[in-house]
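Please keep the sequence and the structure in view while reading.

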Amino acid sequence: MTRIEATPGKTSLAGKYLAFLLNRESYGIPVLKVLEIIRMTAITPVPRMPAYVKGVINLRGKIIPIIDLCAKLGLEHAASTEHACLVIVQVPGPENRPIHLGLAVDAVEEVCQLAAGDIEETPDFGSALDTACILAVAKVRNAVKTLLDIDYILAAQTVPPLLRTL
Amino acid sequence: MKNWTIGKRIILGFATLICITLALCFYSYIHVTAIRTYSDAIISDALPRLYTIGRLESNVRQSQVITFKHIASEGKDEKALYDAELVSLVQGNERVISDYEKTLTRTKDRELFERLKASFPVYRQAREEVLKLSREQKSKEAFEQAKLQLKPAYDKLTAAIQAEAVYNRTSGDLCASAIKEAIGGAITGIWISMAVALLFGISISFFIIRGATRVLTGVSTTLSEGSGHIASAAAQVSYGSQFLAAGSSEQAASLQETSSSLEEMSSMTHRNAEHSAKVNELAREARAAADMGAADMRAMALAMSEIKTSADDIAKIIKTIDEIAFQTNILALNAAVEAARAGEAGMGFAVVADEVRNLAQRAAQAARETSAKIENAVLKTSQGVQISNKVSKSLDDILAKVHEVDVLAAEVASASKDQSEGITQVNIAVAQMDKVTQANAASAEESASAAEELNAEAESLKVAVAELLRLVGSQQSARSLTFVANPAKPGHIGRQMSAAAQHRASALTHAGKPNLHNRANAPFTSTRGRKGSDIPMEDDFKEF
């Protein structure tokens with residue numbers, strides 16, 4: 001998976017997105033990546049894992065690794081975890097075999113239809129900063145939603161291979 | 001001797017004089033007794049004997065003469081007559097001799113007398129012989145006989161008589177000279193004792209008089225000064241008494257005002273007592289109300305805690321609703337995800353899911369709002385509980401305060417009652433004071449008049465003192481009288497006294513004695529007199 005692949009054209013970005021909150025900021029991922037949304041459940045920690053791997057859960061008999069998206073993106077955790085949810089996503093794994101991962105988010109907002117006009121390119125923060133994990137920025141009702149490139153975030157370079165083997 | 005009383009001194013003087021007189025009397029008595037003894041000797045001894053001797057002599061001479069007459073006569077009858085005469089003479093002589101013999105006391109006298117007596121018979125015999133011759137008419141012989149025999153006998157007899165007479169005279173002279181001596185001694189003694197008595201009398205009386213005069217002068221000087229002081233003091237007392245009388249009248253007026261004020265105060269205090277009783281009642285009511293309020297507050301606190309419990313229950317329910325809404329929302333989102341996956345086929349489903357999600361969100365919103373409201377309500381309720389606790393506490397405080405007020409009001413009521421009684425007593429006391437003040441005023445008037453009387457007495461005392469001084473005859477009398485008049489010297493007192501007082505004092509002092517007043521104005525300066533006038537004036541009149 002290359003960067004060029006991960007960033008398709010502007011027109012192709014329009015579509016339905018699942019909006020969720022990370023530390024009160026609204027983020028979005030393409031709804032087609034989402035398998036289901038469940039409430040936060042007890043997470044079994046797995047030893048010798050990076051800090052952003054919270055552990056694993058048993059979802060109807062299937063072991064799903066849980067990624068702490070805040071930790072992964074270097075964000076602060078929200079104070080309240082009342083509406084915390086796990087968003088189960090399907091991302092391409094090694095040998096293009098799809099793998100299922102759980103993303104721990106602070107709250108799930110909505111499934112919204114984003115038109116092409118609502119989506120803007122990632123602003124240039126300077127060449128020194130890596131903006132690879134951001135697909136684009138969407139404007140919804142005077143607010144801004146950061147659309148995340150979840151495939152890139154959960155790619156092999158960024159996620160230890162152990163998880164991919166699961 | 002200085003400390004002796006005048007009586008003692010006089011007694012001493014008189015005793016001395018009496019002693020001298022007694023001595024004089026004794027001396028005189030001795031001398032007079034001696035004189036009497038000697039004069040008795042003269043009267044009873046020398047003179048009668050001299051007389052007797054004289055008679056004897058004259059008889060003898062007469063008998064001699066008769067004898068010669070007998071001789072010379074010629075008639076018998078005549079001779080017989082002479083004989084008879086002679087016989088009577090002889091008889092007389094016999095009587096005289098026997099009388100004389102009785103008075104004989106001394107040996108010398110007796111000796112002389114014996115000689116006299118012895119010569120008598122000789123003479124008589126001789127005469128008888130002569131007479132015998134004469135009777136015989138032998139005149140010549142008789143005469144011769146007489147010449148020869150009778151004459152010597154007669155001479156001898158007269159000599160004896162003479163001797164006796166001389167002796168008696170000598171003894172009489174002795175007595176007379178003794179009398180003379182005694183009289184001279186008595187006179188000398190009388191003179192000496194008179195001189196002594198005079199000397200003693202004069203000196204003693206001088207001492208007595210001097211002592212008494214000195215004492216009397218001192219006393220009368222003191223008295224005169226004292227009477228002056230009394231006069232000025234009486235003037236002051238009079239002035240002071242009148243001042244006091246005026247003051248007492250003022251005081252009486254003030255006391256009456258005070259009395260009326262006190263009565264007002266009394267009624268006010270009575271009202272206060274009534275008010276405090278009312279306050280007491282009100283405080284009791286307030287306490288009851290506060291008690292009720294406290295009970296209500298407790299009920300309210302209970303109700304509020306119940307509200308809180310209910311609110312907690314509601315909050316739980318709301319939480320459940322919220323949970324359900326959350327779950328519903330997740331389900332709706334899942335449905336939306338599924339619909340999105342379904343693509344065109346899931347469009348309607350997506351709409352439904354959206355609707356469901358909206359409902360869920362509304363439910364969640366409502367639940368949140370309700371939760372907020374209920375939280376608010378719970379907060380308010382807890383605040384209310386706090387407030388009601390505070391109110392309860394305040395009510396308790398109020399209760400305590402009301403209780404205090406109650407107690408204080410009761411105290412005020414009793415105090416007012418006491419005060420009222422006290423004021424009544426004060427009123428009585430003031431009435432008594434009023435009486436006393438009026439009595440004081442009357443007494444002051446009386447004492448003023450008494451002071452006037454005292455002044456008059458002082459004046460009469462002054463007169464008496466002047467009399468006494470005159471009696472004493474002291475040189476100081478004039479001075480003393482000036483002292484008496486001096487205290488009222490107007491210029492001196494005027495510095496301390498008001499004009500009226502000065503007028504009064506001077507009027508009082510000068511009223512009785514204008515002559516003294518005149519003398520007081522004479523240029524006489526005596527430190528003692530000034531001092532005397534200074535003493536009572538300054539302190540007393542400064543206050544006025």
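**Helix packing and overall picture**

In this predicted model, helix H1 (residues 6-72) of chain B packs against H4(B) at an angle of about 170 degrees, the two axes being 8 Å apart. Because an angle over 145 degrees counts as roughly antiparallel, H1(B) and H4(B) are described as roughly antiparallel to each other. The residues of this contact between H1(B) and H4(B) comprise 42 nonpolar, 19 polar and five charged ones.

**Chain B as a whole**

- Chain B holds 10 helices and zero strands, and its pattern, read along the sequence, is accordingly written α-α-α-α-α-α-α-α-α-α.
- Of the 544 residues in chain B, 25% are buried.
- When contacts in chain B between residues at least 6 apart in sequence are considered, 86% of them join residues that are at least 24 apart.

**The loop residue Gly346(B)**

- Gly346(B) sits in the loop between helix H4 (139-342) and helix H5 (347-472) of chain B.
- With its neighbours within four places in sequence left aside, Gly346(B) is in contact with Glu338(B), Ala339(B), Ala340(B) and Arg341(B).
- The C-alpha atoms of Gly346(B) and Ala335(B) are 9.4 Å apart in space, while the two residues are 11 residues apart in sequence.

**The five-stranded sheet of chain A**

- In chain A, five strands form an open sheet with mixed pairing, in the order E3-E6-E7-E5-E4.
- The edges of this sheet are E3 and strand E4 (53-59) of chain A, each of which pairs on one side only.
- Neighbouring strands of the sheet are turned against each other by 30 degrees on average, with direction ignored.
- E3(A) and strand E6 (residues 85-92) of chain A run antiparallel and are joined by five bridges; as a bridge partner in E6(A), Ile38(A) has Leu86(A).

**The six-stranded sheet of chain A**

- A further open sheet of chain A, also of mixed pairing, is formed by six strands in the order E8-E1-E2-E11-E10-E9.
- E8 and strand E9 (119-120) of chain A stand at its edges with a single partner strand each, so one side of each is left without a neighbour in the sheet.
- Strand E2 (residues 25-30) and strand E11 (residues 143-148) of chain A pair in the parallel sense over two bridges, and the bridge partner of Tyr27(A) in E11(A) is Thr146(A).

**Where chain A meets chain B**

- The contact between the chains draws 12 residues from chain A and eight residues from chain B.
- On the side of chain A that touches chain B, strand E1 (15-22), strand E3 (34-39) and strand E8 (107-114) of chain A each supply at least two residues, and E3(A) gives the most, with four residues.
- Sorted by class, this side of chain A has eight nonpolar, one polar and three charged residues.
- H4(B) lies across E3 and E6 of chain A, where it runs at about 175 degrees to E3(A).
- H4(B) also lies across E1 and E8 of chain A, running at about 35 degrees to E8(A).

Terms used: Residues are numbered from 1 along each chain as its sequence is written. Chains are lettered from A and ligands numbered from 1 in the order in which they are written. This is a predicted model: local features need pLDDT of at least 70, side-chain atom pairs count only at pLDDT 80 or more; totals for chains, interfaces and linings use all residues. Two residues are in contact if their C-beta atoms, placed from the backbone, lie within 7 Å. Ala, Val, Leu, Ile, Met, Phe, Trp, Tyr, Cys and Pro count as nonpolar, Asp, Glu, Lys and Arg as charged, and the others, Gly among them, as polar. Two strands pair if DSSP finds at least two bridges between them. Axes are lines fitted to C-alpha atoms, for helices over the stretch in contact, and angles run from 0 to 180 degrees between N-to-C directions. A residue is buried if 20 or more other C-beta atoms lie within 10 Å of its own, exposed if 12 or fewer, and partly exposed in between; C-beta atoms are placed from the backbone. Angles under 35 degrees count as roughly parallel, over 145 as roughly antiparallel, 65 to 115 as roughly perpendicular and the rest as oblique.
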